[in-house]
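Good morning, and thank you for making time for this presentation. Please look at the sequence and the structure together as I go through them.

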Amino acid sequence: LVNLWGFGPEYKLEDVPAGKDILQRKKLIGWQNIVVREQPPALLKKIDGMYCDLSAIAKGWGVDYVAAHIRKRGFENYLVEIGG
């Protein structure tokens, strides 16, 4: 859905996606459709065509790390933005 709306790396949005396209993409989402394997380490997708966008995890970790650094210096009011 991220890519369909033009926010991902695939392409930029030119028109609002059609309802049928949104419904079709919704069949390809959901954390419950991912299996974590520890040995050997892997993420396995249960659905062919599913796309895993993990960029938000990296940005969230970065924001948390910077925020902790700021708090250690005694600041209580601040904003951390890490985006593209």
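Helix H2 covers residues 55–72, and its 18 residues should span 26 Å at 1.5 Å a residue; the end C-alpha atoms are 26 Å apart, which agrees. The expected span here is 1.5 Å times one less than the number of residues in the helix. Helices are DSSP runs of H or I with at least four residues, strands are runs of E with at least two, and both are numbered from the N terminus. After H2 comes Gly74, which has a positive phi, near 90°. Most residues other than glycine have a negative phi.

I should state the basis of these values. This is a predicted model, in which local features need pLDDT of at least 70 and side-chain atom pairs count only at pLDDT 80 or more, while totals for chains, interfaces and linings use all residues. Residues are numbered from 1 along each chain as its sequence is written, and side-chain values use heavy atoms, with hydrogens and water left out.

Now the chain as a whole. It contains 2 helices and 2 strands, in the order α-β-β-α from the N terminus on. The chain is more spread out than a compact globule, because its radius of gyration is 18 Å, well over the 12 Å that the globule rule gives for 84 residues. That radius is taken over C-alpha atoms, and the rule is 2.2 Å times the number of residues to the power 0.38. Along the principal axes, the C-alpha trace spans about 50 × 40 × 20 Å. Of the 84 residues, 13% are buried; buried means under 20% relative accessible area, exposed means over 50%, and partly exposed lies in between, with a 1.4 Å probe and protein chains only. Among contacts (heavy atoms within 4.5 Å) with a separation of 6 or more, 12% join residues 24 or more positions apart.

Let me turn to Asn33. Where does Asn33 lie? Its place is the loop between helix H1 (19–26) and strand E1 (34–37). Asn33 counts as buried because its relative accessibility is 17%. Its side chain reaches the backbone oxygen of Ile29 at 3.0 Å. Leaving aside neighbours within four places in sequence, Asn33 is in contact with Leu44, Lys45, Lys46, Ile47 and Met50.

The next loop, between E1 and strand E2 (42–45), holds Pro40. The peptide bond from Gln39 to Pro40 is cis, with omega near -15°. Most peptide bonds are trans.

Next, the charged side chains. How many salt bridges does a search of the whole structure find? The search finds 1, where a salt bridge is a side-chain nitrogen of Lys or Arg within 4 Å of a carboxyl oxygen of Asp or Glu. Asp21 forms a salt bridge with Lys20, and their closest N and O atoms are 3.5 Å apart. Side chains of opposite charge can pair when their charged atoms come close. Asp21 counts as partly exposed at 31% relative accessibility, whereas Lys20 counts as exposed at 62%.

Arg25 is also found in helix H1, and is partly exposed with a relative accessible area of 26%. Arg25 and Ala56 are 31 residues apart along the chain, and their C-alpha atoms are separated by 19 Å.

Finally, Asp15 sits in the segment before H1 and counts as exposed at 61% relative accessibility. Asp15 and Trp5, 10 residues apart in sequence, are 8.7 Å apart in space, C-alpha to C-alpha.

How values were computed: A polar contact is a pair of N or O atoms within 3.5 Å; within protein, one must be able to donate a hydrogen and the other to accept it, and residues adjacent in sequence count only if both atoms are side-chain atoms.
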